[in-house]
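Good morning. Please look at the sequence and the model on the screen, and I will go through the fold piece by piece.

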Amino acid sequence: MAKHICAICGAEVGLISEQKLADGNYICRKVCVKKCMKIFNKVEATLDSVNSHIEQLEFGTKAWNQIFVPLTKTKVKEEKLKRFGKNGELYVSPSTGLIALTENRYKFFIFGKSTVACVYRLADLYGYDYGYETVKNSEGKEETKHYCILMFRNTPGLYEVRMEIRSGEYEDMERYFNTLFGIQKTLRNIGNTIKQQTNAAKAIAEAVRAVKDGTMDETKAEATMDALNAAQYGDRTGWIAKADAALASVVK
Ligand SMILES: [Zn+2]
């Protein structure tokens with residue numbers, strides 16, 4: 001039978017010990033598959049995306065240990081973390097502008113617990129949608145599983161996360177993130193929304209004028225896009241600054 005070579009560590013792999021990737025490469029289950037999160041879809045991955053994901057997880061785990069772990073014990077109200085997910089695996093830290101997706105690992109049974117994490121800037125979270133699927137449980141009964149599909153930007157390795165959540169939890173998540181980004185259309189936030197939409201309308205008008213009189217350039221185009229994004233996703237400049245400062249403090 002044909003033997004393959006793990007494209008990462010070079011180990012010889014066979015039918016049971018190999019994981020085939022979408023680009024035709026193979027990686028070993030014994031070591032290299034375990035370097036990825038369980039939630040990371042290996043079948044759809046390429047060698048490049050696996051390598052990016054491993055890098056992301058190595059850095060994320062350091063950021064988790066250095067930034068998030070101390071915050072799990074904070075007594076300061078403003079620094080408290082918000083948790084989501086069926087097992088509470090998603091941690092949001094508004095005080096640092098970061099968000100961590102964690103996975104617990106055990107050396108043996110429930111012993112020797114360690115946590116790995118992907119840590120992202122909250123500002124890079126661009127989508128949070130609801131999804132569900134109906135599955136048969138071990139007793140043959142139909143059961144609905146609920147998911148939140150998180151979409152990130154600027155996060156090579158893992159852009160889309162389908163995380164299992166509790167029934168009814170999605171509404172809480174949506175409300176929470178909308179409020180964070182100031183895009184909730186409630187009475188309380190409507191001033192903010194109107195301001196952003198007015199800015200966007202002005203930016204479009206200016207862009208149209210600039211195209212007409214031939215003064216449209218890259219800077220003007222970018223300013224227009226920023227205003228449009230702010231109207232749609234909320235102004236995230238503050239979130240980016242906070243998160244970048246926190247991430248720069250992580251000792252590699
Ligand atoms: Zn390997």
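Before going on, some ground rules. This is a predicted model, in which local features need pLDDT of at least 70 and side-chain atom pairs count only at pLDDT 80 or more, while totals for chains, interfaces and linings use all residues. Residues are numbered from 1 along each chain as its sequence is written. Strands are DSSP runs of E with at least two residues, helices are runs of H or I with at least four, and both are numbered from the N terminus. Two strands count as paired if DSSP finds at least two bridges between them.

Back to the sheet. β10 and β11 belong to an open sheet of three strands, in the order β9-β10-β11, with antiparallel pairing. Its edge strands are β9 (125-136) and β11 (160-165), each of which pairs on one side only. From one strand to the next, the twist averages 25 degrees. For angles, axes are lines fitted to C-alpha atoms, for helices over the stretch in contact, and the angle between N-to-C directions runs from 0 to 180 degrees.

Which helix lies across β9, β10 and β11? That is α2, residues 169-180, running at about 175 degrees to β9. Contact here means that the C-beta atoms of two residues, placed from the backbone, lie within 7 Å.

Now the other sheet on my list. Four strands form an open, antiparallel sheet in the order β5-β6-β7-β8. β5 (82-84) and β8 (111-121) are the edge strands, each pairing on one side only. Here the twist averages 25 degrees from one strand to the next.

Take the pairs in turn. β6 and β7 pair in the antiparallel sense over four bridges, and Tyr91 has Ala100 in β7 as its bridge partner. The hairpin of these strands has four residues between them, and Gly97 there takes a positive phi near 75 degrees.

β7, residues 98-108, is joined to β8 by 10 bridges, again antiparallel. Leu101 stands opposite Cys118 in β8, and Leu98 has Arg121 in β8 as its bridge partner. What lies between β7 and β8? They form a hairpin with two residues between them, and Phe109 in the turn has a positive phi of about 50 degrees.

This sheet has a helix across it as well: α1, residues 47-71, lies across β6 (90-93), β7 and β8, at about 100 degrees to β8.

Next, the domains, whose bounds come from an automatic or database assignment. The assignment gives domain 1 (1-35), domain 2 (38-180) and domain 3 (190-235). The C-alpha centres of domain 1 and domain 2 lie 26 Å apart. Nine residues of domain 1 are in contact with eight of domain 2.

Last, the chain as a whole. It has five helices and 11 strands, and its C-alpha atoms fill a box of roughly 70 × 45 × 45 Å along the principal axes. Among contacts between residues at least 6 apart in sequence, 47% join residues at least 24 apart.
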